[in-house]
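This report covers strand pairing, aromatic contacts and charges placed over rings. The structure comes before the details.

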Amino acid sequence: MKIEVNTHEKNMLRFAAAHPEVVVLSADLGTSCEVKQFRATYPDRYFTLGIAEQNMCSWAAGLAREGYRPFLHTFSVFLYRRILDQLEMSVAYPNLPVVFLGFVPGITTPGGVTHQSINDVGVLRTVPNLAIFDVGDATEIEGVLDLAYDYNGPVFIRMLRKEVPRLFPADAPMQFNRARVLSEGEDVLILSSSICTEEAMRATAVLKARGVSVQHMHVSTLKPFTDPTVVAALEKCRYGAVTIENHYCIGGLGSAVAEVIAEHGIGKRLVKIGVPGYTHGASKMYLMKKYGIDAMHLVAAVESLLGTPLNITEADLAEERFVDFLEV
Amino acid sequence: MEKQTYSKAETQAIANQIRKQILGIALRSGGCYLAQACSSAEIIATLYTQVLNLGPSVGAWDALPFPGVPGPENMDYQRGSAYHGLPAPDRDRFFVSCCHYASVIYCALAAVGRLSPAALDKFNVDGWNMEMIGAEHSPGFENTAGSLGQTVSIAAGTAHARKRKGDTGRVFCLMGDGELQEGQTWECVQAAGYYKLDNFVMVIDANGQQVEGAIENQMAEEPLTARFRAFGAACVTCDGHDVAAVRRACSTKHPDRPLAVLCRTKGYTGVPPLEKKWPFLHFVRISEAEKPEYQAVYDAM
């Protein structure tokens, strides 16, 4: 598995070259959000708004009303928890094409609870007009800006930075509101997002080796959540479904799937794996294990659905990599 | 069709008419945002007739049914800004942050020939676009302003965009003084100063009142002039009930920085009985017992 570095940094330059009306707004974290090169290349399209996210959000609305396409770069927590009213009333209500690039989503930062956006999806799924994307690898980082640009309204992106694996072929870009099928099977459905997809791929490989027929799909569009292939997969899975996400266990992918199950009368069991509450500052690998959003917990959830122990150990799952994101 | 030039007396007559119309609404309905009309009538009349460079209205002459909220399937609804004319590089733009002043804006649009006087009959009527506190579909409103402190940033972002594009028109934002307590207001002023938005003018109806009473009894705001200047804006003060003074203040040169125009006003100007209610004038209710006194003021207008 290839590890790509600073994919957004490069992709943003490509994207900006194609769209001269694209501007970047920063709240003093641009260098932590891979737009240092953008600033060097397009200094007149890089607007520092200071450590003042509320004004940045409404200011972006003014720019968007004049035909610019603002891309706000800061940490995800500061783009929803701190400025929800501005996001809603300045941008989402008028359905303006403003893109919120939320970096270090979920527990991908050791910065502790103030920096960890564990409920951004849950909060923002209730915001009308807003689309939510949650990228899972370098290929999706390369494709998500184009999807955001084409969306008719505001977009929130949970963006990954620095070393990110390339899990999906570079020539198979992310598609709007369409899950990516990573494994076909009938026993259980695994729906994963963000950094949990790599975990789920590890678990799926081991589960399949034990004879479990696994349908694994990676979800990158969390709102809207009307993908018919997800509905079909939920109807197909014999024992039920597991969701695993880099997010609080309430409000995110798992809750979205639960709504689909109920609304379509599918009547399957669902195990939601997410962080159980507020988290604390530590390395990504430590936090994923501690809060249970790793391959081992996914295996346990599948065992629960099957009603059968599979006797899979950490060692069975261990050969794949983990990269820690140590910098805040 | 709207007139092009107005004398000072004509502008004052429009202010008087706005005040009378909104007192009439208060008498008919038992209450409304009357004090805001009393404090801002000259400011808003002066902006529309003496200050703003707006194109001819392209808004519907009559009130319209509520056009639905914006969304991917509904982006072609008539904007409130249509009443300020089509955007053009040399034209001004006018944002209203203090959206409780909606009735004042509607009356002003009608007074200057941008909206049918009959449309005022639809004010605060269920299902129409003339809400008591509207949104961006409401006549005269560029944006959805009910959450205080946001519109000034939206207007400044607009000014920033227009400055980059080389537009010569200015961007005005009408604000109340209560919303100067919002932190976002000062985030905006510092950014507008940083970006040297010499095309941006904040016009503040400094009526010294807010919902819970006199501003000075709620929060420390003064000295506002020093505050605006410290945050990077030019700041001038005027008598907000003096048409010529408002006009003069709005034409203050402010190279390399935005301008704040502090219009000092009273919420009972022109309707003397209101002074007895000061400073509790956010939403004025007129009881049956009080009606004759206010009716007499109305009849004398």
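## Strand pairing around β13(A)

Strand β10 (residues 188–192) of chain A runs parallel to β13(A) and is joined to it by 5 bridges; two strands pair if DSSP finds at least two bridges between them. Leu191(A) has Thr243(A) as its bridge partner in β13(A). Helices (H or I, at least four residues) and strands (E, at least two) are DSSP runs, numbered from the N terminus.

On pairing with strand β14 (residues 270–275) of chain A, β13(A) again has 5 bridges in the parallel sense. Val275(A) in β14(A) stands opposite Tyr248(A). Between β13(A) and β14(A) the chain passes through helix α10 (residues 253–263) of chain A, in a right-handed β-α-β crossover; right-handed means that, with the strands pointing away from the viewer, the path from the first strand over the helix to the second runs clockwise. Of the 9 residues in β13 (residues 240–248) of chain A, 8 are buried. Buried means under 20% relative accessible area, exposed over 50%, and partly exposed in between (1.4 Å probe, protein chains only).

## Basis of the model

The model is predicted: local features need pLDDT of at least 70 and side-chain atom pairs count only at pLDDT 80 or more, while totals for chains, interfaces and linings use all residues. Residues are numbered from 1 along each chain as its sequence is written, chains are lettered from A and ligands numbered from 1 in the order in which they are written, and side-chain values use heavy atoms, with hydrogens and water left out.

## Aromatic pairs

Rings of Phe, Tyr and Trp (its six-membered ring) pair if their centres lie within 6.5 Å; planes under 30 degrees apart count as stacked, over 60 as edge-to-face and the rest as tilted. Over all chains this rule gives 17 aromatic pairs. Tyr194(B) and Tyr195(B) have ring centres 4.9 Å apart and planes at 90°, so they are edge-to-face. Tyr194(B) is exposed at 52% relative accessibility, whereas Tyr195(B) is buried at 16%.

Tyr268(B) is buried, at 16% relative accessible area, and Trp278(B) is partly exposed at 30%.

## Charges over rings

A charge sits over a ring if NZ of Lys or CZ of Arg is within 6 Å of the ring centre and within 35 degrees of the ring normal. Lys20(B) lies over the face of Tyr298(B), 4.9 Å from the ring centre. The charged end of Arg79(B) is over the ring of Tyr77(B), at 4.2 Å from its centre.
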